[in-house]
Amino acid sequence: MRSTGELRALAASGGPGGHELWCEGTVEGLDELLPRLRGLRALVLADDPARTALPPLDGCPSLRALRVVRCPALTDWTALASSTVMFLTLEPWPDEPIPEGLDDMPWLSQVDLVPAEARPTARAGAHTVPRPGGTPRPGAGFPGVRVVRPGRSRGGNLQH
């Protein structure tokens, strides 16, 4: 989707039917129309330099995966708290700490942080590093974070 018209047409047709929606650039009306996309399983927000917060995700009960690509101003992750998103990918990710609050999101189980220099083929060698003991800490369903690096992988856990 690159325009509000395309998004409105998709919403009128009943949505992507369980597929991925890729929104490239600034798509006006996303916050309003996203809940009308029945069966949406994956959402990609790409190349939107002005977006500072995720759109409301609570109206998308089947949404399981969210990928944020080249949205440098996006720092407000609070919409994840009321969503059913389980898998989050952030790329490119600068060598910075994990965003605060991600380990408190109720459904989130995996976060992939992909640095700018990583290549898609490097993903195969990455791994998830679980919390000590292999279980999430009480009250948090977040077992770990995966950092994808070319030629090597480094994981970290989300304990502060």
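This is a predicted model: local features need pLDDT of at least 70, side-chain atom pairs count only at pLDDT 80 or more; totals for chains, interfaces and linings use all residues.
User: Where is aspartate 47 found, and what is its phi?

Analyst: Here's the general idea: most residues other than glycine have a negative phi. Aspartate 47 sits in the loop between S2 and S3, and its phi is positive, about 55°, although it is not a glycine.

User: What about peptide bonds: which residues does a cis one join?

Analyst: In general, most peptide bonds are trans. Here, a cis bond joins glutamate 91 and proline 92, with omega about -10°. Proline 92 is in the loop between S4 and S5.

User: How do I read a helix, and which residues of H1 are buried?

Analyst: An α-helix has 3.6 residues a turn, so residues three or four places apart point the same way. In H1, the buried ones are Leu7, Leu10 and Ala11. They cover an arc of only 100° around the axis, so they are on the same side of H1. S1 and H2 are among the elements that cover the buried residues of H1.

User: And the largest nonpolar core: which of its residues touch the most other members?

Analyst: This core has 33 residues, and Leu21, Leu34, Leu43, Leu54, Leu57, Leu66 and Leu80 touch the most other members. The elements that each supply at least two residues include H1, S1, H2 and S5. H1 gives the most, with three residues. For a close-up, leucine 34 touches residues including Leu21, Leu43, Pro56 and Cys60, leaving out those up to four places away in sequence.

User: Last one: what volume does the largest pocket have?

Analyst: Rolling a probe the size of a water molecule over the atoms shows where empty space is left. The largest pocket comes out at about 280 Å³. It is lined by 14 residues, with Cys71, Pro72, Leu74, Trp93 and Pro94 the closest to its centre. By class, the lining has 10 nonpolar, one polar and three charged residues.

Conventions:
Residues are numbered from 1 along each chain as its sequence is written. Side-chain values use heavy atoms; hydrogens and water are left out. A nonpolar core is a set of buried Ala, Val, Leu, Ile, Met, Phe, Trp, Tyr and Cys residues joined through side-chain atoms within 4.5 Å. Buried means under 20% relative accessible area, exposed over 50%, partly exposed in between (1.4 Å probe, protein chains only). Helices (H or I, at least four residues) and strands (E, at least two) are DSSP runs, numbered from the N terminus. Contact means heavy atoms within 4.5 Å. On a 1 Å grid over the protein atoms alone, a cavity is a set of points where a 1.4 Å probe fits but cannot get out, and a pocket is an open set with protein on both sides within 12 Å along at least five of seven lines; lining residues have an atom within 4 Å of a point. Grid points are joined across faces, edges and corners, and a volume is the space filled by probe spheres set on the points. Ala, Val, Leu, Ile, Met, Phe, Trp, Tyr, Cys and Pro count as nonpolar, Asp, Glu, Lys and Arg as charged, and the others, Gly among them, as polar. The arc is that of the directions from the helix axis to the C-beta atoms.
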